[in-house]
Each structure stands twice: as structure tokens, then as C-alpha cells.
Amino acid sequence: LTDPESYDNDGTDGNPYFDFDPILLNNTYDQEWGSFTGFAISNITDNTTPGYGNQFSAYPGAGSDNSVGYAVAYSNPEIYSENEDVRILSFDISNTTYAGLSMLNGDSFGKKFGEPTNASGEVDGTNGEDFFRVWIICENETGSKDSIEFYLADYRFTDNTEDYIIDTWETVDLTEVFAGGASKVSMRFESSDIGDFGMNTPAYIAIDNILWEAPLSIAEANESDFKTYPNPVQDKLVLEGPKGVVSITTMSGRNIIEFAHNTNSSIDFSALPSGIYILNIATDNGKVTKKIVK
């Protein structure tokens, strides 16, 4: 995404996915209704406006570690790769603003969590012990499957002060299921707020910082294939070279930016404090590392 406060829910190049080589995020777009299933990509920061009109916003108000962009998942999202050697190790997860505020305050469809009644004011049998969770279904290279249960909201505690709705980014470690990581990840949503047509809680979550690994090919990445300028940088760093996955880390190794690079990228350093940063470029032929001065 190049425009601030924007989103893309229509896939790329006519393919049924967003391509963050080698990671793919499934996407199906309905031209008639202008709606999507799977994933959308967003950089929207509005975490105060409730309702469907703000469906592409992450509840924390930015991506993980304040990254500019992130993914929004709705209805049967999948993370996978066409490279059979790729393993998905972890990703960060949070609520969307749409789901978070629906659970916090209630709306015309979803109930206010913690209340014994549904959105219509009828007793719903929950006694206010509400939850919203996602089942993260991991598949390994042999086809074996296992799952992780992650609660995006939980109001089932005896002590009501422990009730929560996630509004921060949390890491899901897939190596706890398969030591080598997962070949494919799918997700299914479940809520205590159920109506005649299924779940009333908005079936949305936000995803960022997908970490993966794959054996490097025999060939080595060539640092001379990449140009970075200006260095030192004040505002925008330009990166030119073969496509890959780029990450910016501090000298201590903290990951602050990660995105898919496709021959030409502009990286925003304007909000970062002065110092030395490490630019990592992971390609099919290996990894290139450069020092960037701010």
C-alpha cells in the first residue's frame, strides 16, 4: 500500500492470494458486493470508530511493533506457500477495531460482552461468560494437523477484573505444535454470541509479522544486486534489487519493520530515532545484510 489510511481487499494480479513471496495469503473478492473472504491488506490506524465501515482497522491502532501495514483476516483465512520447503514459524495476532468495539460496547448485531442478554435485549443463556476465540489449524509437510486455541476476548473468569478483550499484538508460536513449523495455517472463529444465522461477533482478526524459514539454495545472494540510498537516511530509504522479504532491525536485533519487496521499495525512516539499523533482505538465493545510518 502506498497511500496512507488505505486498504486492499482485491488480491493482486488476478490471483486468489496476496503474494509476499514465498508466503501467500488467500483472498477471494466478490465484484458484485465489493466484499472479500480470506485476507485484506491495510494500513488504517482508526481504532475508535465502531462498525462495519471500519472493518479494515487493527484495534492496536497500527501494525505489530508500530509497522505501517498488516493483514486483516475474515472468514476462512489461510497462510501458505507454493514452495514445499517453506515453514511458517510464528505470527502476531490482534483484534480488529470492528470486532473489539463490538464486543466492548455491543452493536445492532453483536452483544456487549459480559452482559446476560444479546443485542436484542433477550437473555441468551451465557450469564455474561462470553468469549471470542480463533482455532489456528496447523498442517505439516506430512499432512498431519494440530491446532492452537487463542482467545481474542475472554469474560469467563470468576473475578470479573480478569476479563479482557485483546487490544495489543500477541505472538502465536507455531513451533509449539510442530517443532519445525507449519507448512500451512488455516483459521476458524468461534464466539459465545450465537444467533439464528451463526456467530454475531464480527469474524475478523488482524495478522502481522509472519515469520518463516526455508533452506537456502546453493547459489548465494549478491549484495551488489541491491542499491540503497540515501545512506545516511532522514526520511525515505530507497531499495532497488531482486524481490524478497525485507526486515529492518535495531542493533540489538529487535524487528521494527517487515514487508515484501518487489524490485523497488521506499522505506519510511522518518519516525525512527537516530542510530544504526540493520537492513536484511531474504531472497530465494540467500540473504543480504546492510547497515543503515539514520
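User: Two strands pair if DSSP finds at least two bridges between them. Got that. What does the secondary structure of the protein come to?

Analyst: The protein has 1 helix and 20 strands. Both are DSSP runs, numbered from the N terminus: helices are H or I with at least four residues, strands are E with at least two. One caution: this is a predicted model, where local features need pLDDT of at least 70, side-chain atom pairs count only at pLDDT 80 or more, and totals for chains, interfaces and linings use all residues. Residues are numbered from 1 along each chain as its sequence is written, and side-chain values use heavy atoms, with hydrogens and water left out.

User: OK. What radius of gyration does the protein have?

Analyst: It is 20 Å. A compact globule of 294 residues would come out near 19 Å, so the protein agrees with that. The radius is taken over C-alpha atoms, and the globule rule is 2.2 Å times the number of residues to the power 0.38.

User: And what does the C-alpha trace span?

Analyst: About 65 × 45 × 45 Å along the principal axes.

User: How many of the residues count as buried, as a percentage?

Analyst: 46% of the 294 residues. Buried means under 20% relative accessible area, exposed means over 50%, and partly exposed is in between, with a 1.4 Å probe and protein chains only.

User: What about contacts along the sequence?

Analyst: Take contacts between residues at least 6 apart in sequence: 63% of them join residues at least 24 apart. A contact means heavy atoms within 4.5 Å.

User: Switching to charge. How many positive and negative side chains are there?

Analyst: There are 16 positive and 47 negative ones. Lys and Arg count as positive, Asp and Glu as negative; His and the chain ends are not counted. The centres of the two sets lie 7 Å apart. Each charge is placed at NZ of Lys, CZ of Arg, CG of Asp or CD of Glu.

User: Which strands does β4 pair with?

Analyst: β1, β3 and β5 are among them. β1 (residues 7–8) runs antiparallel to β4, with 2 bridges. β3 (residues 23–30) pairs with β4 in the antiparallel sense over 4 bridges. β5 (residues 70–74) is antiparallel to β4 too, with 5 bridges.

User: Which residues stand opposite each other there?

Analyst: Aspartate 8 stands opposite isoleucine 41 in β4. Aspartate 30 stands opposite serine 35 in β4. Serine 42 stands opposite tyrosine 70 in β5.

User: How many residues sit between β3 and β4?

Analyst: 4, and the two strands form a hairpin. Glycine 34 in the turn has a positive phi of about 65°.

User: Last one. What is phi for glutamate 5 and threonine 263?

Analyst: Glutamate 5 has a positive phi near 55°, and threonine 263 has a positive phi of about 75°. Neither residue is a glycine. Glutamate 5 sits in the segment before β1. Its relative accessibility is 44%, so it counts as partly exposed. Threonine 263 is in β18 (residues 255–268). With a relative accessible area of 46%, threonine 263 is partly exposed.
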